[in-house]
Amino acid sequence: MVNDVRRAYFYAKATRDLYIELFKEDPEAGPDVLGKLKLCLYGTRDAAKSWQETLSAQLVSCGFKRGVGHPAVFHHEKRDLLTLVHGDDCVTAG
């Protein structure tokens with residue numbers, strides 16, 4: 001099974017203080033107004049890492065064990081599943 005999570009990075013919480021200029025369509029936008037991100041945004045340095053950690057925590061909570069030699073590989077012993085995570089893509093084989 002191959003999965004591609006659409007807009008994956010928007011599901012990961014920001015791990016540090018990041019600010020952006022508001023879009024002009026925002027009613028609160030102005031020349032001296034910034035918005036603080038609560039979730040990651042494509043193009044930020046933390047986006048991929050935060051998404052990886054978010055997905056990894058979810059897999060572990062579902063019974064997968066994270067690989068020691070390669071932390072992007074997960075194994076579910078009871079279901080005999082192997083999952084590889086790369087960015088917003090997941091490949092699972094059983």
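Trainee: Is R66 buried, partly exposed or exposed, and why?

Mentor: R66 counts as partly exposed, because its relative accessibility is 31%. Buried means under 20% relative accessible area, exposed over 50%, and partly exposed in between, with a 1.4 Å probe and protein chains only. Keep in mind that this is a predicted model: local features need pLDDT of at least 70, side-chain atom pairs count only at pLDDT 80 or more, and totals for chains, interfaces and linings use all residues. Residues are numbered from 1 along each chain as its sequence is written, and side-chain values use heavy atoms, with hydrogens and water left out.

Trainee: Which residue forms a salt bridge with R66?

Mentor: E53, with the closest N and O atoms 3.5 Å apart. The pair links distant parts of the chain: E53 is in helix α1 and R66 in strand β4, 13 residues apart. A salt bridge here is a side-chain nitrogen of Lys or Arg within 4 Å of a carboxyl oxygen of Asp or Glu. Helices (H or I, at least four residues) and strands (E, at least two) are DSSP runs, numbered from the N terminus.

Trainee: How many salt bridges does that rule give?

Mentor: Three. One of them joins R16 and D46, at 2.5 Å between the closest N and O atoms. R16 sits in the loop between β1 and β2, D46 in the loop between β3 and α1. K36 pairs with D17 at 3.1 Å.

Trainee: How exposed are D46 and R16?

Mentor: D46 counts as buried, at 15% relative accessibility. R16 is partly exposed, at 41%.

Trainee: New topic. What makes up the largest nonpolar core?

Mentor: It has 10 residues, among them W51, L55, L59, F64 and F74. Four residues, the largest share, come from helix α1. A nonpolar core is a set of buried Ala, Val, Leu, Ile, Met, Phe, Trp, Tyr and Cys residues joined through side-chain atoms within 4.5 Å.

Trainee: What does L59 touch?

Mentor: F64, F74, T83 and V85, not counting residues up to four places away in sequence. Contact means heavy atoms within 4.5 Å.

Trainee: And the surface? Which residues form a nonpolar patch there?

Mentor: V2, V73, L82, L84 and V91, with about 410 Å² of accessible area together. L84 is in strand β6. L84 counts as partly exposed because its relative accessibility is 40%.

Terms used
Patch = residues over 30% accessible without salt bridge, like charges linked within 9 Å, V, L, I, M, F, W, Y side chains within 5 Å. Areas by Shrake-Rupley, 256 points an atom, 1.4 Å probe, with all protein chains shown as cover.
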